[in-house]
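Student: Hey, can you walk me through this one? I'm new to it.
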Amino acid sequence: MAFFTYETKKDTRSGFGAGMEYLSQHNPNVVALCADLIGSLKLEGFIKNSPERFFQTGIAEANMIGISAGLAVAGKIPYATTFANFGTGRVYDQIRQSVAYSGTNVKICCSHAGLTLGEDGATHQILEDIGLMKMLPGMVVINPCDYNQTKAATIAIAEHEGPVYLRFGRPVVPVFTPEDQKFEIGKAINLIEGSDVSIFATGHLVWESIQAAEILLEKGIKAEVINIHTIKPLDSEAILKSVAKTKCLVSAEEHQINGGLGDSIAQLLIQTSAYPMEFVGVNDSFGESGKPAELMTKYGLDANNIVEKALKAISRK
Amino acid sequence: MTITQLKEKSKTYRKKILELIFHAKAGHTGGCLSIIDLLNVLYNHVLRIPSPKDPSRDRFIQSKGHAVEALYVVLADQGFFPEEDLKTLGQYQSPYIGHPTKKIPGMEQNTGGLGHGLSICAGNALAAKKDKSDIKVYTILGDGEMAEGSNWEAMMFAAHYKLDNLCGILDYNKLQISGANAQVMGLEPIKQKIESFGWSVKEVDGHNIEELVNTFDQLPFENGKPSFIIAHTVKGKGVSYMENVAKWHHGVPSAEQLEQALAELA
C-alpha cells in the first residue's frame, strides 16, 4: 500500500525560490544575497518583485557572509545563498565569527547539498555541511524534505531571530507534504506510525524512508517514519517517544554518517535509552559524478538500503 | 575638541593603555599605541555616537580586533562604561576579553579573526544607503591583515555598490607578528592597489592629529566611491624602546619598563 501519494515532482530549491518570492511581498526586512548563482537558487521571483532588496556579491562567498552580517547588524534579515559547499565549508570562519559567535540574524540558505546534484562530482557535493553547521553554538540547522516544506521553512525562518542554516537540493522529488503548511522549527513530524522500528529521516531521504516503510509492511513489519526536518534543535521528545515504542531505529540522511543527523540521535539515545541503531548515510567518502539516482543507490541512500538497515536493527533487538 | 585637547587626549590614552596591559599582564601593546591617535580622532572628532545604541549613530568596527585595549580605553573615556570595570580585563568571567565583543557597550561586532571587519562594514554601509540614512561606517584594518583575501572581496563589493559612506583605515606600521610586512607578505604598492579597486585613497601621518582631523574632514573623498585612509604609523609609538620593534606586538611591559614609558609620555 502507498502511505503517501503525489501528483508532481519538484526540486526543493524551487520551494526555496517560492518562499523567497512570498517574502519579497510580505516581509520588507528580508534581503537576499547571492554569489553568482541566481538561477540555481531560483531567486528570479524575489528579484523581480524586489530588485532593490537583492544584492549580487559575485563569486566571493566570504565577503557575502560578512556583508550579510553587516546587513543584519543594521536590522535587515539577510538570506545569503549559494551552493552548500561554498556557503558552509568554504566560509566556515566567516560564519563562525561574524554570524554564529556574533549571533547575527543571518540565514544561510544553500542548494545542491549532498550527492544529488549528480554529474558535477565531489567538488560540488558537500556531505559535511550539517556537521559543520550543527557544531556552531546557536545555529539552527534545517533540511526540509520536499518543495512545499522547503517553501514553508524558508518563510518560517524569517520569524526566527538568530542564525539559521537551511539546506536543500537540485533533483526533482515527490511533493507529498501539504501545500501552505505551517513550518515549526524543531518540531519533528510523525509521517507513519509503526511499532517495530523507528526511521528518522531528513531531506531527500524522507521520501525514501516512506518507500522503505511500504516495502517493510509487505514483510509484515510496521515501521514508524519521522521527518526530522530540523536537525538542530533536535526534537528529543519525539525521538524518545518513538523509540520507547519500537525499541530500535535507523537514521537516514544525504550526508556523512560522521557528524550528521544520526550522530545527534545516537548522542541523545546513549544518554537515555540506547537501542539497536543503524545508520543510512555516506560512510567516510567523497561523492563522485553520476546521475543522482545512480549515486544514491551506490552510496546506499535509498529505500532498499533503509529496509536492509531496518531489518538489521530489528534483528539486534 | 581642539587640536591641543586632542593631543592631550592621545597622551592620556597612551598612559592608560600601558597601565591596563601591565595590570592585565596581557595585551597587544605595539598595535594599541599604533592606532590610538586614529581612535582618538575618530571618537573625539569624527564619529557621531550620542549613545551606544542610538539608531542614528555612526558605526565603527575595529577589524584588527587584537588591539582591543586601545578601544577599551577610548570607549571608557566616552563614558560608555566605567573605566574601573577595565580592571577585570582578561579575568575569568569578565566581559572585557582580549578581542572586541558586542557585550561591551559601544562595540558593534565580535572581531578577532582577521579579514572580517571590512565586509561587515560594507554590509552596514549598504543597509544605510538602502535606508537613505546618513550613517557613516568606519573600520581600522591592520597591515598584516591585508593579506586576507576577504578584504579584497569587500574592496570590490564596496566600489561596485558605490559605498561612499564607508571609510577603511589602514594602520600601516609595517610590522606584523612575524616581522616586517615586506618580508612576511609584501603589500606595496598598496595605494595603487586600493585605488585600482575603485576606492578614493589618501595617505596621512597616522600620529599627526592635525593632519588626521583635516583628512577625516574631507570625507567622502569622492562622491560615489568608498574612501580609504592609509595611516602611516609606528608600532609602539610614544615609547622609545617599543617603537618599530615587532616583539612588542604582544609584549607586556615590566614594572620598570612601565615606569620608563610613563615618564617618556609625561
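Student: What should I know about the model and the numbering?
Tutor: This is a predicted model, where local features need pLDDT of at least 70, side-chain atom pairs count only at pLDDT 80 or more, and totals for chains, interfaces and linings use all residues. Residues are numbered from 1 along each chain as its sequence is written, chains are lettered from A and ligands numbered from 1 in the order in which they are written, and side-chain values use heavy atoms, leaving out hydrogens and water.

Student: Which residue is the bridge partner of Ile61(B) in strand 2 of chain B?
Tutor: Thr139(B).

Student: And what order do the five strands of the chain B open sheet follow?
Tutor: The order is 1-2-3-7-6, with parallel pairing. Strand 1 (59-62) and strand 6 (200-205) of chain B are at the edges with a single partner strand each, so one side of each has no neighbour in the sheet.

Student: OK, new topic. How many residues of chain B are in contact with chain A?
Tutor: 26 residues of chain B touch 24 residues of chain A, contact meaning heavy atoms within 4.5 Å. Together the chains bury about 1,900 Å², 53% of it on carbon and sulfur atoms. Buried area is the accessible area (1.4 Å probe) that two parts lose on being put together, summed over both.

Student: Which three residues supply 27% of the area that chain B buries against chain A?
Tutor: Asn110(B), His116(B) and Glu153(B), which is more than any other three residues supply.

Student: How many salt bridges does the rule find across the interface?
Tutor: One. Asp131(B) forms a salt bridge with Lys76(A), and their closest N and O atoms are 2.5 Å apart. The rule asks for a side-chain nitrogen of Lys or Arg within 4 Å of a carboxyl oxygen of Asp or Glu.

Student: Back to sheets: how is the pairing in the chain A open sheet, parallel, antiparallel or mixed?
Tutor: Mixed, with five strands in the order 9-11-10-13-14. Strand 10 (residues 197-201) and strand 13 (residues 249-256) of chain A run parallel, joined by four bridges. Ser198(A) stands opposite Leu249(A) in strand 13 of chain A.

Note on methods:
Two strands pair if DSSP finds at least two bridges between them. Helices (H or I, at least four residues) and strands (E, at least two) are DSSP runs, numbered from the N terminus.
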